Amino acid sequence: MRITLIEPIPLQIPLKVPFKTAKAEQLTARIVLIKLHTDSGIIGIGECDPRPHITGETVDSVLAVVSAYLAPALQGMELSEANDIRKVCAQMDQALVSNPSAKAGIDIAAYDALGKSKGLPVYALLGERKRKALVSSGFTDLGSRAKAEQDARKCRELGCSNFKIKVGRDWTVDSERVDVVRSILGPDIDLIIDPNQAWSVEQSITILKQLKIRNLACEQPIVWDDLVGLSSIAQAVDVPVIADEAVRSPFDACVVLRLKAADIVNIKHLKSGGLCRGLEIARILQQEGVECMIGSTMETGISSAASLHLGIACSNLKYFDVAPPTDFITEDIVKGIEWKGLSVEPSEQPGLGLELKEELLKYAIS
Ligand SMILES: [Mg+2]
């Protein structure tokens with residue numbers, strides 16, 4: 001089977017409510033759907049989730065690089081076994097540096113197409129099935145204390161085992177939100193505070209040293225490219241540090257390990273360039289006995305299914321921070337994966353196990 005055409009389709013889907021972090025406020029999910037066509041007639045689907053403040057990409061930049069660089073570089077490439085996807089990723093990296101979310105959409109579509117042609121679910125192309133199902137983290141964005149309270153109560157009812165709280169404004173206000181979530185969830189649920197790069201090194205050390213909360217970790221407190229600073233924090237405090245924006249590639253993961261800059265790493269295909277590189281990062285961490293988290297962004301069921309298949313095949317997974325898409329977007333564009341509360345299992349159908357909804361084109365950006 002060979003790649004004949006890569007078709008990028010820009011979509012804009014309204015969010016149920018605005019999504020707030022210390023870095024940005026978002027009203028819509030702006031994504032690029034990828035259809036990867038092959039000479040066998042099989043079409044793989046993937047999704048690019050460009051985030052300007054994370055990877056420097058936008059919907060327009062993704063459309064430009066897919067059309068001008070990535071699609072021409074992959075034209076005619078063989079897609080018959082899992083190793084061919086490594087070659088596809090290497091070819092994309094040779095054609096263009098960076099641009100990970102553009103590459104991720106193509107990588108995901110290639111796995112979907114290959115799975116469909118071999119009659120295998122994507123997780124089976126990534127490795128062995130390590131677990132039957134995954135339970136997502138609970139979550140509250142940078143909203144009010146009442147909103148944090150409401151989100152924590154909902155997650156307690158659904159049975160979460162860990163809960164992420166966006167922070168990064170005034171710490172006095174944020175810490176009250178953390179306390180209220182802790183009081184609702186009890187002492188045994190892991191809490192993850194995520195300032196999304198809003199703190200300084202000194203501020204991070206001061207805040208994390210004074211925290212007397214058990215089972216709490218802190219994700220990406222400082223600016224993404226200060227790995228030395230992240231290392232200073234990780235060495236100075238007892239709270240586990242999670243690297244998110246700081247790790248975009250297998251190479252970044254090696255540097256973080258060498259500097260002992262994090263205790264856990266958050267892998268997202270939008271940063272890593274897809275599932276192939278995401279799995280490479282997970283394996284590098286595993287060799288050093290470090291666990292990972294699989295994270296998400298404002299995305300549709302295509303991206304979350306890709307993360308689900310990666311999580312099922314990943315040995316050293318600690319947290320699965322991927323929410324049901326319709327917790328955020330008003331409507332999903334695919335069918336095929338059923339969430340039961342926070343719990344989700346991959347379909348045994350070939351590829352990602354998804355079907356595009358006919359009506360999705362109403363979200364197309366012309
Ligand atoms: Mg994060």
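These legends walk through a few close-up views of a predicted model. Residues are numbered from 1 along each chain as its sequence is written. Because the model is predicted, local features need pLDDT of at least 70 and side-chain atom pairs count only at pLDDT 80 or more, while totals for chains, interfaces and linings use all residues.

**View A. An open sheet of three strands, in the order β1-β2-β3.** The pairing here is antiparallel; strands are DSSP runs of E with at least two residues, numbered from the N terminus, and two of them pair if DSSP finds at least two bridges between them. β1 (3-20) and β3 (43-48) stand at the edges with a single partner strand each, so one side of each has no neighbour in the sheet. Neighbouring strands are turned by 20° against each other on average, direction ignored, with axes being lines fitted to C-alpha atoms (for helices over the stretch in contact) and angles running from 0 to 180 degrees between N-to-C directions.

**View B. Strand β2 (residues 25-38) beside β3.** Six bridges join these antiparallel strands. Look for K35, whose bridge partner in β3 is I45.

**View C. Helices α2 and α4 across the sheet strands.** Helices are DSSP runs of H or I with at least four residues. Helix α2 (residues 59-74) lies across β1, β2 and β3, at about 160° to β1. Helix α4 (residues 100-118) also lies across β1, β2 and β3, running at about 155° to β3.

**View D. L356 in strand β16 (residues 355-356).** Not counting residues up to four places away in sequence, L356 touches I45, I333 and V334; contact means C-beta atoms, placed from the backbone, within 7 Å.

Conventions: Contact = placed C-beta atoms within 7 Å.
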